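User: I am new to this structure and would like a short tour. Could you take me through it piece by piece?

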Amino acid sequence: MTLNGSVALVTGGNRGLGDKIVRALLEAGASKVYAAARDPRAVTAAGAVPIALDITDHASVVAAAEQAQDVTLLVNNAGSSSGAGILDGDLADFRLEYETHVLGTLDVTRAFAPVLARNGGGAVLNVLSVLSWVSLPDAAAYSAAKSAEWSVTNALRGALAGQGTQVTALHVGYMDTDMVAALDVPKSDPADIARIALEGVEKGLLEVVADDLSRQVQSGLSAGAEALYAQLARG
């Protein structure tokens with residue numbers, strides 16, 4: 001996938017990592033970048049094409065796909081973070097996270113798959129998380145949704161291979177965005193993560209593991225639950 005001359009659509013392109021991806025694509029020479037948001041007036045990146053899109057609203061998804069028929073790169077970045085915990089979190093928040101990260105991402109990808117096929121195959125970049133691989137009790141709704149989104153991403157990769165569409169997953173930990181502003185933890189610059197993710201797309205990578213935390217967790221997957229969850233380790 002070559003970014004120079006591409007036509008991209010970035011969901012959640014008005015803030016945080018999405019905004020940085022929009023700007024990085026423009027800097028990389030994309031011929032057009034649709035920055036999608038519920039309120040397109042919130043898009044601030046100069047040179048981007050604002051487009052209305054609520055990924056949890058099927059009619060909005062269909063309308064965006066009909067409008068952006070020239071897309072060659074779809075970036076599924078839009079998300080939510082309810083902060084719902086595993087024992088006391090509202091089940092409505094769990095449903096919201098699933099509707100957004102899983103069904104929303106799937107609906108958008110289904111809508112744009114024929115567009116990508118007509119335009120030569122192109123690529124899809126799904127913004128996942130280190131929490132695709134490890135779950136935090138206090139953020140269980142988000143963790144569970146991201147884990148399911150990872151599974152959907154893997155299925156999409158196989159399903160879209162026949163039409164020549166590359167599917168890349170981005171795994172990343174804490175970034176310096178509004179979503180984790182209250183957390184006192186080391187955070188990556190989202191502009192750096194945007195660059196790393198797009199470089200991975202250009203290289204044809206199936207997964208981009210963007211930071212040390214994600215690499216550490218990935219390496220622990222084969223070691224079993226006790227390696228990932230220290231509180232479960234036997235003394």
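Predicted model: local features only at pLDDT ≥ 70, side-chain atom pairs only at ≥ 80, totals over all residues.

User: Which residues of α1 are buried?

Analyst: They are Leu17, Gly18, Asp19, Ile21, Val22, Ala24 and Leu25.

User: And what do those buried residues pack against?

Analyst: The buried residues of α1 pack against the strands β1, β2, β4 (73–76), β5 (123–127) and β6 (166–171), and also against α5 (190–203).

User: What happens just after α1?

Analyst: Gly29 is found there, and its phi is positive, at about 100°.

User: Let us turn to the strands. How many bridges join β1 to β2?

Analyst: Strand β1 (residues 7–11) and β2 run parallel and are joined by 5 bridges.

User: Is β2 mostly covered or mostly open?

Analyst: Strand β2 (residues 32–37) is mostly covered, with 5 of its 6 residues buried. β2 also runs parallel to strand β3 (residues 49–52), to which 4 bridges join it. There, Ala36 has Ile51 of β3 as its bridge partner.

User: Which way do the residues of β4 point?

Analyst: Leu73 and Val75 point one way from β4, while Leu74 and Asn76 point the other way, and all are buried.

User: How does β4 pair with β1 and with β5?

Analyst: β1 and β4 run parallel and are joined by 3 bridges. Leu73 of β4 is the bridge partner of Ala8. With β5, β4 pairs in the parallel sense over 4 bridges, and Val75 has Leu125 of β5 as its bridge partner.

User: What does Leu25 touch?

Analyst: Leaving aside neighbours within four places in sequence, Leu25 is in contact with Leu3, Ala8, Val10, Ala30, Val33, Leu73 and Leu198.

User: A change of topic: Lys146. Is it buried or exposed?

Analyst: Lys146, which is found in helix α4, counts as buried because its relative accessible area is 3%, under the 20% cut-off.

User: What does its side chain reach?

Analyst: The side chain of Lys146 reaches the backbone oxygen of Val127 at 2.7 Å. Not counting residues up to four places away in sequence, Lys146 touches His101, Val127, Leu128, Ser129, Leu131 and Ser132.

User: And where is Thr168 found?

Analyst: Thr168 is found in strand β6, and at 0% relative accessibility it counts as buried. Its side chain makes a polar contact with the side chain of Gln166 (3.0 Å). Leaving aside neighbours within four places in sequence, the contacts of Thr168 include Val124, Leu125, Asn126 and Arg157. Val201, Leu205, Leu206 and Val208 are also among the contacts of Thr168.

User: Finally, where is Gln163 found?

Analyst: Gln163 is found in the loop between α4 (140–160) and β6. Gln163 counts as partly exposed because its relative accessibility is 27%.

User: What is Gln163 in contact with?

Analyst: Setting aside neighbours within four places in sequence, Gln163 is in contact with Ala113, Leu116, Ala117 and Gly121. The C-alpha atoms of Gln163 and Ala117 are separated by 5.8 Å, although the two residues are 46 residues apart along the chain. The side chain of Gln163 also makes a polar contact with the side chain of Thr165 (2.7 Å).

Methods:
Residues numbered from 1 in each chain as written. Heavy atoms only, no water. Buried < 20%, exposed > 50% of the residue type's maximum accessible area, 1.4 Å probe, protein only. Helix = DSSP H or I, 4+ residues; strand = E, 2+ residues; numbered from the N terminus. Pairing = 2+ DSSP bridges. Contact = heavy atoms within 4.5 Å. Polar contact = N/O pair within 3.5 Å; in protein donor to acceptor, adjacent residues only side chain to side chain.
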